[in-house]
Amino acid sequence: MAMPAAATSLRPLAVATMTLIACLAPSLRQQLPGADAGASRQADFAAYDAQAKQLLAAMTLDEKIGQMIQPDQSALKDVGDIERYFLGSLLSGGGSGPKNKADYTLTGWTDLVDGYQRHALKTRLAIPLLYGIDAVHGHNNIPGAVIFPHNIALGCTRDAALVERIGRITAEEVRSTGINWVFAPCVTVPQDERWGRTYEGYSEEPQLVQELGAAALRGLQGSSLSDPLSVLACAKHFIGDGGTAYGSATTHGDHGLDQGDTRVDEATLRRIHLPGYISTVRAGVGTIMPSYSSWNGVKCSGNRLLLTDLLKHELGFSGFLISDYNAIDHLDADYKTCAEISINAGMDMVMVTDRYQILFADLKELALSGRVPMTRIDDAVTRILRVKFALGLMDKARSPLADRSLQASFGSAAHRLVARAAVRESLVLLKNDRHTLPLAAATRVHLAGRGANSLGMQCGGWTLDWQGRMEHLVPGGTSILAGMQEVAGPGHPITVSADGSGAAGAEVAVVVIGEKPYAEWAGDSVDLALAQVDVDAVATAKKAGIPVVVVLLSGRPLILGSVLEQADALVAAWLPGSEGGGVADIIYGIAKPQGKLSRTWPRSLDQLPISITGDPARYDPLFGFGFGLTY
Ligand code: GLC
């Protein structure tokens, strides 16, 4: 497909050119294998066409435009703007919650969301809000929620049924707060682990992503979107977010990958990055989020070939597209032109912060001037309304407010057991010389490392706040220390030091090291190196002359260096979440390790990017895709 080489800021002429290419691009017209399945899904939302169009006919232009705008709740200048601008949706982006920390509770969050919903119900047509949040490993913004392992860990379980179960529990905990839309599953296929969002992907391997993405969707949306325990899901970030070239990101720093440029031909884009969308569209996903990133120099958020021709026409996607957070801002120097490009490319709803009032005025002007055809506005609003009907939101017999009776199971022991099982299944045993593991309960253990007692490092980013820095607010969580003490039993005290000192009196040292929490471009790495403090802790423990077990808490494979040699046993624990007891279960042999690497583990930096999807001739990793030992 001919793509403008460097059309990074599309001007009206380029917009017209893109539209012309869209009409001529035969390749995108080719049917995907099983695309008919996509078409059958189209029936699911089209079933609500009549109701949606009937409501649309009664709507003013202002009311239509309000449905297409999703401000972050923290950016609302006046809560009355919900009525003033007929807003159809709000979101809580990372860290966007109740203003007062005293309200940062299950009740405080639920009151916040219900409060906004009540304003929406005061509008002329009383169309309820879709309220979106990044519940990407449990209802991770809310204190007391169960925090599941991040997707990179779930990829190592190869357990679709478990992933579906996690989706179901997440949906139930989300619904208990009155929220009805989650920006998950992330079906990215990260190819270079220097990317800060590697851990949000199940795997580097497309088929595994396809399978687990669909499983997560089934859990979240259930067998019917109208089930009160189901939430609207969102497959993201379309397309190629995990395939950007190192150093191609110019938005944040100059070494990055996040929001960069994916420079591959169409066949490669389809082979590696499309499968997760095929499976989730077939499974009836209600929303899809275009990526900040570009494909061969053109921003996905403004690419009609991708958003309309490929997704909506070829795959038969009949839900609606939600932009990423202020993602349309990067399409042009002029904001109104950004909106024109994105909406005409096929974007249906725009996620925005401070400029929601400007966006409202711009969209109205674009519609009245014809720069955005009224047919495009009506199509976008129809798509949004269809999803709201499918979700049961328009059913006057049902309240869109939170069902607080569900809060009885919020963060429950039963939910935590599922999370603990997920931790056990996700750990990958990379080395176990002389059968160092499992330990006996009576083994005298010295536990060391900055990750030994750190819920922050266990949970990683997207936990309570965007960058995962509020570990004091993970109530109900179990650190690895607490988990090991529980499994070993009170008669077998575990000594502890962060720096590895004091191990001499023990029989085995367990050193928990890894990455501090991060999210998005904050996690882009130039070298995947272990922190010196971690290397030192392992070396100090090693000096005690006893076997050393290293447990690595990380969002991706890291370059191990001397630690590989010094470790008698090495466990990749990824970002296991709140249930550190699952790590203890493996250490003490309550369960055998069964995890298989969902990503290739490089020997050295100069091998990157290295992936099972890449050149077999260059594939010489330290641990290959699918590797994992057991007892
Ligand atoms: C972020 C992320 C996206 C998330 C959205 C809302 O920038 O790219 O994954 O869903 O904004 O928080």
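This is a predicted model: local features need pLDDT of at least 70, side-chain atom pairs count only at pLDDT 80 or more; totals for chains, interfaces and linings use all residues.
**Strand S13**

Begin by selecting residues 445-448, which form strand S13. Show the side chains: Val445 and Leu447 lie on one side, while His446 and Ala448 lie on the other. In a regular strand the side chains alternate between the two faces of the sheet. In S13 both faces are covered, and these four residues are all buried.

**Two loop residues with positive phi**

Move to histidine 435, in the loop between strand S12 (428-432) and S13. Phi of this residue is near 50 degrees, a positive value in a residue other than glycine. Is histidine 435 buried or exposed? Histidine 435 has a relative accessible area of 69%, so it counts as exposed.

Now select tryptophan 462, in the loop between helix H18 (455-459) and helix H19 (480-488). Tryptophan 462 also has a positive phi, about 55 degrees, although it is not a glycine. Its relative accessibility is 6%, and it therefore counts as buried.

**Two cis peptide bonds**

Select alanine 184 and proline 185, which are joined by a cis peptide bond with omega of about 5 degrees. Proline 185 is in the loop between strand S4 (181-182) and helix H10 (206-221).

Finally, select phenylalanine 238 and isoleucine 239, where omega of the cis peptide bond is about 0 degrees. Isoleucine 239 belongs to the loop between strand S5 (234-238) and strand S6 (261-262).

Notes:
Residues are numbered from 1 along each chain as its sequence is written. Side-chain values use heavy atoms; hydrogens and water are left out. Buried means under 20% relative accessible area, exposed over 50%, partly exposed in between (1.4 Å probe, protein chains only).
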